[in-house]
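Here are my notes for you to read alongside the model. I've kept them as numbered points.

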Amino acid sequence: MPSTGLVWLAAFALFASAIARAAAADLDILLFGSLDGGAESFATVGAKAGFSSLDDSGFVALWSVGGGMRHERMFCGCGSRATFTRLSQTASELFGYQWIIPEGAIAVYAGSETDLDALVGVAAVLRTGWRLQGETWLRPTEDSLFQTTVIAGTARNSLWMRAAWGYKLAGAYLGPEGSASLNETGYRKVSFGVHATDVAVAEIRLRVAAGLQWETHRAGPRPYLGLAAWSPL
């Protein structure tokens, strides 16, 4: 079984090296991170670098590393159901283009991804593949926000989608959100909740979310909490 710790350290070292190269090249850099907590927990850190200002249309690069854990109940060799822990770790390096329009921003990226999926005490699989990602941050009106993200990868034949709408109140956009994910292992997850996006804390911007999620291997919905942050370097 590949060492999940070593794979994680290698992915983070590559990520840190990419950020150092971008900073040395004097690129415009935005750092971001997210944490989703529930029956499944997953954390991601990353950076977006613009070859010109990120406030303008142009070519961009996107790096990220992440890791998560969830518990699954399944039949074991003893003939009864047992609880297993599944660890997942991902890393990606993407390049693309963003369009800055009067209503906001639209971006598309493509590149490589690496995925380690480990069922603790049973097996681990290291996969590599390609990733395609698209996202929009649009303001249809002065006081509204519509945000979407779609990520498709071949490492685990996975698809993740999120859409959110918000109306500006007290300096942040408040409204509903929904997301869905699936992959070739048979795992499915659907979430619905509410969010507050663009909450300002000094130079940092936050997105806070909460709601319910439905997952494979679970009979009913479970609550989830989400936190994301981003800031220029």
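1. How many bridges pair E9 and strand E10, and in which sense? The two strands are antiparallel, with 10 bridges between them; strands count as paired if DSSP finds at least two bridges between them. E10 covers residues 188-201, and Lys189 in E10 stands opposite Ser181.

2. Before going further, a word on the ground rules. This is a predicted model, so to speak of a local feature takes pLDDT of at least 70 and side-chain atom pairs count only at pLDDT 80 or more, while totals for chains, interfaces and linings use all residues. Residues are numbered from 1 along each chain as its sequence is written, and side-chain values use heavy atoms, with hydrogens and water left out.

3. Overall make-up: the protein chain has one helix and 12 strands. These are DSSP runs numbered from the N terminus, with at least four residues for helices (H or I) and at least two for strands (E). Starting at the N terminus, the order is α-β-β-β-β-β-β-β-β-β-β-β-β.

4. Burial and surface: 40% of the 233 residues of the protein chain count as buried. Buried means under 20% relative accessible area, exposed over 50%, and partly exposed in between (1.4 Å probe, protein chains only). The protein chain exposes about 12100 Å², with carbon and sulfur atoms supplying 66% of that; areas come from the Shrake-Rupley method with a 1.4 Å probe, and for residues only the protein chains shown count as cover.

5. Now the inside. The largest nonpolar core is made of six residues, namely Leu54, Val60, Leu62, Leu94, Ala107 and Tyr109. Such a core is a set of buried Ala, Val, Leu, Ile, Met, Phe, Trp, Tyr and Cys residues joined through side-chain atoms within 4.5 Å. Strand E3 (58-75) and strand E5 (104-119) each supply at least two residues of this core. A second, separate core has five residues, including Ile29, Ala47, Ala49 and Ala61.

6. Leu94 deserves a click. Leaving aside its neighbours within four places in sequence, Leu94 is in contact (heavy atoms within 4.5 Å) with Val60, Ala61, Leu62, Tyr109, Ala110, Gly111, Ser112, Arg131 and Gln133.

7. Back to the hairpins. Strand E8 (residues 158-169) runs antiparallel to strand E9 (residues 172-182), and nine bridges join them. Lys168 has Tyr173 in E9 as its bridge partner. Two residues separate E8 from E9 in this hairpin, and Ala170 in the turn has a positive phi of about 55 degrees. The E9 and E10 hairpin has five residues between its strands, with Gly186 in the turn at a positive phi of about 95 degrees.

8. Two more backbone spots to look at. Most residues other than glycine have a negative phi. Asn157 is not a glycine, yet has a positive phi of about 50 degrees; Asn157 sits in the loop between strand E7 (144-153) and E8 and is partly exposed at 46% relative accessibility. Ala202, also not a glycine, has a positive phi of about 55 degrees. Ala202 lies in the loop between E10 and strand E11 (204-215) and is exposed, with a relative accessible area of 75%.

9. Phe146, Trp165, Tyr167, Leu169 and Leu174 make a nonpolar surface patch of about 460 Å². E8 gives the most to this patch, with three residues. Tyr167 is in strand E8 and is partly exposed, with a relative accessible area of 39%.

Key:
Patch = residues over 30% accessible without salt bridge, like charges linked within 9 Å, V, L, I, M, F, W, Y side chains within 5 Å. Salt bridge = Lys/Arg side-chain N within 4 Å of Asp/Glu carboxyl O.
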